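User: Hi! I have a new model open and would like to talk it through with you. Could you take a look?

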Amino acid sequence: MKIQLAIDDLTLEEAITLVTVIEKEIDVIEIGTPLVYQEGMRAVTTMKKRFPKKEVLADLKIMDAGYYEAKMAFQAGADYVTVLGVTDDLTIEGCLRAGKEMGKQIVVDMICVKELEKRIERLETLGVSMLAVHVGTDQQAEGRRPIDDLKLMKRCCRLAEISVAGGLSLDTVSEYAQLQPQILIVGGGLTHAKDPGETAKGIRKKIKEWE
Ligand code: 5RP
Ligand code: MG
């Protein structure tokens with residue numbers, strides 16, 4: 001299982017410092033949506049140049065202009081870009097086309113998708129091979145967690161790799177790891193940890209128990 005560090009509310013400089021400390025324990029560096037708003041594609045390019053051996057995901061949450069926006073992220077150096085599952089199939093297809101051209105991957109974020117089962121089937125038919133279960137920050141504030149959607153996703157996916165995000169932390173990561181998603185996404189649980197180095201080691205250790 002991979003660990004994806006989601007960097008949302010740090011500056012680019014703070015983000016680089018954090019990744020330097022926990023580099024060994026993480027597999028994917030996510031340039032989170034707020035960081036993209038703050039710094040633009042520069043954040044993607046800088047992070048990829050600074051950590052060339054790490055995979056970089058641009059969490060653009062694309063909703064329209066799929067081909068154009070996905071290509072922009074890939075050209076900036078992203079290995080993965082996110083598109084929203086609630087959007088039109090045409091946008092998903094545009095992202096897929098950009099990924100194919102550039103030899104990169106798209107991840108469909110299933111945040112706010114109502115009929116999850118039906119949408120998973122359709123997305124897999126379109127050729128999507130990476131799906132993300134996600135309970136967003138605002139929903140987390142209302143007490144929602146992604147565990148039930150992850151269970152459903154595990155049951156319904158035929159081929160796609162699954163990632164999961166939404167408030168994962170050192171205390172809860174085992175619960176998710178035992179369901180065997182391919183990628184566990186941790187944002188605030190690492191970026192706001194008192195000791196990110198020790199926390200990242202702890203998360204890696206807990207995940208290993210389920211591999
Ligand atoms: C919010 C996001 C976050 O990056 C994702 O939810 C992971 O962060 P956290 O672990 O703090 O929930 O995309 O829309
Ligand atoms: Mg994110």
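**Walking through the model**

User: Let's start with Lys48. Which helix is it in?

Analyst: Lys48 is part of helix α3, which covers residues 42-50. Keep in mind that this is a predicted model.

User: Is Lys48 buried or exposed?

Analyst: Lys48 counts as buried, because its relative accessibility is 19% and the cut-off for buried is under 20%.

User: And what does the Lys48 side chain make a polar contact with?

Analyst: Its partner is the side chain of Asp79, in a polar contact of 2.8 Å.

User: Nice. Switching to the metal: which residues coordinate the magnesium ion?

Analyst: Glu30 (OE) and Asp59 (OD) coordinate the magnesium ion (ligand 2), at 2.0 to 2.1 Å. Glu30 belongs to strand β2 (residues 28-31) and Asp59 to strand β3 (residues 55-62), so the pair ties together parts that are 29 residues apart in sequence.

User: Are Glu30 and Asp59 buried or exposed?

Analyst: Glu30 counts as buried, with 5% relative accessibility. Asp59 counts as buried too, at 6%.

User: OK, on to ligand 1. How many residues surround it, and which are the closest?

Analyst: There are 13 residues around ligand 1, and the closest are Asp8, His134, Gln140, Gly167 and Gly187.

User: What are the distances from ligand 1 oxygen atoms to polar atoms of Asp8 and Gly167?

Analyst: For Asp8, a polar side-chain atom lies 2.8 Å from an oxygen atom of ligand 1. For Gly167, a polar backbone atom is 2.9 Å from an oxygen atom of the ligand. Glu30 comes up again here: an N or O atom in its side chain is 3.2 Å from an oxygen atom of ligand 1.

User: Now backbone angles. What is phi of Lys61?

Analyst: Phi of Lys61 is near 50 degrees, a positive value in a residue other than glycine. Lys61 sits in strand β3 and counts as partly exposed, at 23% relative accessibility.

User: And where is Gln180?

Analyst: Gln180 is in the loop between α9 (173-177) and β8 (183-186). Its phi is positive, about 60 degrees, although Gln180 is not a glycine. At 34% relative accessibility, Gln180 counts as partly exposed.

User: How many aromatic pairs are there?

Analyst: The search of the whole structure finds 0 aromatic pairs. There is a charge over a ring, though: the charged end of Arg97 sits over the ring of Tyr67, 4.2 Å from its centre.

User: Last one: what domain does UniProt give?

Analyst: The unreviewed UniProt entry places "domain: Orotidine 5'-phosphate decarboxylase" at residues 2-203. That span is 47% helix and 21% strand, and its end C-alpha atoms lie 11 Å apart.

Conventions
Residues numbered from 1 in each chain as written. Chains lettered and ligands numbered in written order. Predicted model: local features only at pLDDT ≥ 70, side-chain atom pairs only at ≥ 80, totals over all residues. Heavy atoms only, no water. UniProt positions renumbered as here; feature names shortened; annotations may be inferred. Helix = DSSP H or I, 4+ residues; strand = E, 2+ residues; numbered from the N terminus. Phe/Tyr/Trp six-rings, centres within 6.5 Å; stacked < 30°, edge-to-face > 60°. Lys NZ or Arg CZ within 6 Å of the ring centre and 35° of its normal. Donors = N, O, S within 2.8 Å, 3.2 Å for Na, K, Ca; no water. Buried < 20%, exposed > 50% of the residue type's maximum accessible area, 1.4 Å probe, protein only. Near = heavy atom within 4 Å. Polar contact = N/O pair within 3.5 Å; in protein donor to acceptor, adjacent residues only side chain to side chain.
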